[in-house]
Amino acid sequence: MYGAAGEVIARASGMSWDDFIRTRIFAPLGMTRSYTTYEEMHAKSGANQSAPHYKIRDTIRVIDDETVDDLPAAGSIWSTAVDMSKWVRFMLDSGRVSGKRLVSVEGYAEILKPQTMVTPDGFYSTAAVTKPHWTTYGLGWFQQDFRGRFLSFHTGSLDGRTAIVGLLPESRLGIFIAGNLDHAEFRHALMLQAMDMFAGTNGGGTRNWSAELLTLYNGLAAEGAKALVAETAKRVMGTRPSLPLDAYAGRYEHPAWGSLLVTVEAGALQMHIGSHPMMRGPLQHWNYDTFRATLGDGRSNPNALSFQLDGAGKVRRVLFDGSENYAFTRAESKP
């Protein structure tokens, strides 16, 4: 939907989303070192940029940058702490910069106005620690009460990179944090700790948010590991695929995710979705007609591909991770 919003901006303004952001936000706010695409940032920054990191097989490694340049409105902006501080101040000043209003009073109010309720399943895990009385979503902001005040915040994540921005408008306090280790949730702790220290909330400043959130996320990681062990235990040993490997080879289509290509290479199945190298890898037989894929550099848990046969014994569909939401239908028998 962010991508759709970007298209609306382009149609309504008569300029591309990139040009709109540059002329209507970056320029008036003086954000001179912010870019709308990775390609532009990389060309202009050269070596003066951080490197993304990811924990792969228990080792933190530098990885290649991920970009979303093909869908820029969904999060392709690259910036600096100094430039982002200008944007945060702009948001705290009700959409004004140097006394000049860039967003109408009504438009600014709509941005932070709760638009929909958010259920516990749709909110951040941090709610288990912050214990909000209500959770909502505005126009690009998760919202909750924090020590009796209105908090709007949102994270951003690409592989190897994290960000979070939070606003306490009543306290005229804004926090921006960026990191270069994948999903290092210290960002939540640092934001809440800073808000406790500087917002003047009653009783604030003494709570150890880092320790509490470390316990929370370590617990969630342990639950995930336990679930993975339980899923692995369901494997039925001693089974064989119903068909020869080349019978599984072919192109499978999904209306949103595009083509899933399965091939036989050196006597083993390989798969890839699209052109990104992180979405390709070998398939190993798991049980019956289910195979497990180790994609890219192995940074993610293995994915399951379950091939489904029709009444004639031919492969017609494949489910990615067993979900009907990711059901790919066979387009042809050979790639």
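Modeller: We start with pockets. On a 1 Å grid over the protein atoms alone, a pocket is an open set of points with protein on both sides within 12 Å along at least five of seven lines; a cavity is a set where a 1.4 Å probe fits but cannot get out; lining residues have an atom within 4 Å of a point. Points are joined across faces, edges and corners, and a volume is the space filled by probe spheres set on them. This is a predicted model, where local features need pLDDT of at least 70, side-chain atom pairs count only at pLDDT 80 or more, and totals for chains, interfaces and linings use all residues. Residues are numbered from 1 along each chain as its sequence is written, and side-chain values use heavy atoms, with hydrogens and water left out.

Colleague: What volume does the second largest pocket have?

Modeller: About 960 Å³. Its lining has 27 residues, and D182, H183, E185, Y217 and A221 are the closest to its centre. Helix α8 (209-233) supplies the largest share, ten residues. Helices (H or I, at least four residues) and strands (E, at least two) are DSSP runs, numbered from the N terminus.

Colleague: Which residues line the largest cavity?

Modeller: T126, T130, Q144, F153, H188, M191 and L192. The volume of this cavity is about 40 Å³.

Colleague: How do you know that none of these residues is charged?

Modeller: Asp, Glu, Lys and Arg count as charged; Ala, Val, Leu, Ile, Met, Phe, Trp, Tyr, Cys and Pro as nonpolar; the others, Gly among them, as polar. The cavity lining divides into three nonpolar, four polar and no charged.

Colleague: Why do D159 and R299 form a salt bridge?

Modeller: The rule asks for a side-chain nitrogen of Lys or Arg within 4 Å of a carboxyl oxygen of Asp or Glu. The closest N and O atoms of D159 and R299 are 2.9 Å apart, so the pair qualifies. D159 lies in the loop between β8 and β9, and R299 in the loop between β15 and β16, so the bridge ties together parts 140 residues apart in sequence. D297 also meets R299 in a salt bridge, at 2.8 Å.

Colleague: What makes R299 buried?

Modeller: Buried means under 20% relative accessible area, exposed over 50%, partly exposed in between (1.4 Å probe, protein chains only). R299 has 12%, so it counts as buried. D159, at 26%, is partly exposed.

Colleague: Why is K234 called exposed?

Modeller: Its relative accessible area is 57%, so K234 passes the exposed cut-off.
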